[in-house]
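Welcome, and thanks for taking a look at this model with us. The report below walks through a few local features, one region at a time.

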Protein chains: 2
Amino acid sequence: LDSGALVDVRRMLNGLAPGEIAHLLESSPPKFRNILWQMIEGDQEGEVLGELPDDLQAHFLSRMDAAEVATITEGLEDDDIADILQQLPDRVTWEVLNHMDHQDRARLESVMLYPDDVAGGLMNTDTITIRASLTLEVVLRYLRRHEEIPEMTDNLIVVNRSDQFIGVLPLRTLLVSDPNVSVREMMVTDIDPIPVNMPDYEVARLFEHNDWVSAPVVDDSGRLLGRITIDDVVDVIREDADHSFMSMAGLDEEEDTFASVGKAAPKRAIWLGINLITAFIAASAINMFQDTIDKVVALAVLMPIVASMGGIAGTQTLTVLVRGIAMGQVSRNNQNWLLSREVTIGLLNGLLWAAVVAVAASLWFDDWNIGLIIAAAMMINLVTAAFTGAALPLLLTRMSIDPALAGGVVLTTVTDVVGFVSFLGLATLFYA
Amino acid sequence: LDSGALVDVRRMLNGLAPGEIAHLLESSPPKFRNILWQMIEGDQEGEVLGELPDDLQAHFLSRMDAAEVATITEGLEDDDIADILQQLPDRVTWEVLNHMDHQDRARLESVMLYPDDVAGGLMNTDTITIRASLTLEVVLRYLRRHEEIPEMTDNLIVVNRSDQFIGVLPLRTLLVSDPNVSVREMMVTDIDPIPVNMPDYEVARLFEHNDWVSAPVVDDSGRLLGRITIDDVVDVIREDADHSFMSMAGLDEEEDTFASVGKAAPKRAIWLGINLITAFIAASAINMFQDTIDKVVALAVLMPIVASMGGIAGTQTLTVLVRGIAMGQVSRNNQNWLLSREVTIGLLNGLLWAAVVAVAASLWFDDWNIGLIIAAAMMINLVTAAFTGAALPLLLTRMSIDPALAGGVVLTTVTDVVGFVSFLGLATLFYA
């Protein structure tokens, strides 16, 4: 990057939307990130920061003092500021709050009361509220007194005297209706506001099923606290969907694709260590049958087939269940149906592939006994795999353990051990 | 379900939003689905159908004739009708179109020109367009002549005489601005409309980075064709994120959690068959070393450890890369950096766990040679795994093969074969 190129990069960078600049920062190796960050214009820094994942926010924040943080976050949405402040040490957070004006601070403190994985943590306080008794004419004049209407405002929120939610007036209704009728006549009352403590994934599901752009948030007594907008919900959907995928490999959904070796290696090492324990358990299972392997070496050649087919079949079942649970499709009403379906599939595919493997193994080693033994072991392992792959995530979920993270490790241990023990055990009975 | 309960279920069902009913149908085993479907009120059927995944749409459509399909899809958004029609045999599609009025048919045919994975397939034609020369006062009066404004309308679209896109007028601007100024003065012109052939994942990325609620779609000559709304983009985001997760287990992102055994088993069987080939390749690798295993049976006990640790390390790298590619973070500029980072991580974690395994294996079998051999094999396999896990998805993507689907199978074959060959090969050199 010579200085001429730098000027080009700077010009290009500042023609982008904050979300696009954030994407570019995320897509760059660490040392370029610092260079790019310095090129972002001051008034864009806050918006870009708001779009970055937690660990990158923390990285850039660590170089700023409280006054700078207060300056660049000015004008951001409450939930974005709250997210950013959560990356700071507590002491610095309070300093930043002290740099803000009284009204901003009060608003922010109300959002920061809630953890960021519930409705309250996703919420902004930039609602426009109106009373049911007004005419639309008055509402239109009231709006015109505003300098601007917040982004993603599709509804005005109707509240009563005690600030309790009673309905919404869509802008699209306001614009086509007779100005002389009252808000009460035109407002929509059959939407349930979001309780402030609703978990974020339930909020996301409501938005998806109802095709909302924004939705009001209320406290226990129905008082309006703020609103949630679809842009923040999209982030929740993206993260929840990524969560299962990344967890299956022992990774975090906020994993930085371009983390440095020093940051990425230790996280990966832990996962390898956990899986090493699994591998040693499987090895111990084999170890019990040393004498049999010594007699028939072909067993050592074939045993990984039994274990790996069990692993694949179990992972398929686990994947279907983990996704079903994440999407809120699996409940006590249908879990037995799922379990028995999976076991039936395991049985059918067990029969099919056991037969194929039996023939292949028999021909390979010119020994029909070994074919029968591997077929029986495959059947046992594929049915076990199906049962474990289905029962395990249900059990883990009930124990509040993340099935996407823990499921794979436990499942592999089971399919390896059952695969090796059933195959080598049957062989021992036969050849001993 | 006795008849009293049925009445309750029907009442509950028809109090739900179409998206919620669709979710309930998706969360039910096949035979309940048919019962539930019959309880949905006629005027909700179309909306619910529009929210269902493809295979469930096809299931319910197979029991309707063309006239019924035309009736229940009336009033749906164009892209939803187009999706539904794509589930029908071509002959039936044309019959349905013949049952529609001329205008609906013309509109639909324009949407159906495009495959459903590009902007054109996500688009609706329900735009409200205005001219730049009008005053806001005139625009407000023009809107009031509408019976209703389409859902998710946040912007009016400004076009010229030849229907070419020139900008948007946000409703939020319209509502706070002086009615006497012209659209030209208030419209936003610095947004790029979406080309009709843009792939859906790029559309999703634009929406995410720019926090759009809707965006205009244009043809090659800049003529406005329609608009895309965030609710359809959310489905794309959800499916794209699910795609990687499901593909790693050889499943489809539209996989029905409650598919019958008859539908689910054959799909799973194919994946097991592909993996069986992999397993036989790995077995053949072991087969070359029968004599060595015959001499030192401990090798059979330890060999799965080397293969499985390689598989885990490789899967971690593959997962990071697949997600990076899916999110559009990986490009030619940074892929070499990623590749060398992954190999470095493989090397470091290889060193760490090779040392641990060496000590454990040596103590277990009271043989320091076997410890040295397994350590060397682990190093070879973990570095190979890291390189393959990173290079493979880049290569597959360049060959237009889905890395999430094919990556895991190829990777496991490599780590199994390299694991077994390096461990047993080194042992043969030493013990022969």
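## The hairpin in chain B

Let's start with a turn: B:Gly222 adopts a positive phi near 85° in the hairpin of strand 5 of chain B and strand 6 of chain B, where 5 residues lie between the strands. Helices (H or I, at least four residues) and strands (E, at least two) are DSSP runs, numbered from the N terminus, and two strands pair if DSSP finds at least two bridges between them.

A word on the source: this is a predicted model, in which local features need pLDDT of at least 70 and side-chain atom pairs count only at pLDDT 80 or more, while totals for chains, interfaces and linings use all residues. Residues are numbered from 1 along each chain as its sequence is written, chains are lettered from A and ligands numbered from 1 in the order in which they are written, and side-chain values use heavy atoms, with hydrogens and water left out.

## The sheet of chain B

Strand 4 (residues 194–195) of chain B runs parallel to strand 5 of chain B, joined by 2 bridges, and B:Pro195 has B:Val218 as its bridge partner. On the antiparallel side, 5 bridges link strand 5 of chain B with strand 6 (residues 224–229) of chain B; here B:Val217 stands opposite B:Gly226.

How many residues of strand 5 (residues 214–218) of chain B are buried? The count is 5 of its 5 residues, where buried means under 20% relative accessible area, exposed over 50% and partly exposed in between (1.4 Å probe, protein chains only). In a regular strand the side chains alternate between the two faces of the sheet. Both faces are covered in strand 5 of chain B, with B:Ser214, B:Pro216 and B:Val218 on one side and B:Ala215 and B:Val217 on the other.

## Helix 14 of chain B

Helix 14 (residues 200–210) of chain B has several buried residues, including B:Val203, B:Ala204, B:Leu206 and B:Phe207. Just after helix 14 of chain B, B:Asp211 takes a positive phi of about 50°.

## Strands 5 and 6 of chain A

In chain A, strand 5 (residues 214–218) and strand 6 pair in the antiparallel sense over 5 bridges. A:Ala215 has A:Ile228 as its bridge partner in strand 6 of chain A. Strand 6 (residues 224–229) of chain A is mostly covered, with 5 of its 6 residues buried. In the hairpin of these two strands, A:Gly222 has a positive phi near 85°.

## A buried serine

Is B:Ser422 buried or exposed? B:Ser422 is buried, with a relative accessible area of 10%, and its place is in helix 21 (residues 403–431) of chain B. A polar atom of the B:Ser422 side chain lies 2.6 Å from the backbone oxygen of B:Val418. Leaving aside neighbours within four places in sequence, B:Ser422 is in contact (heavy atoms within 4.5 Å) with B:Ala377, B:Ile380 and B:Val417.

Methods. A polar contact is a pair of N or O atoms within 3.5 Å; within protein, one must be able to donate a hydrogen and the other to accept it, and residues adjacent in sequence count only if both atoms are side-chain atoms.
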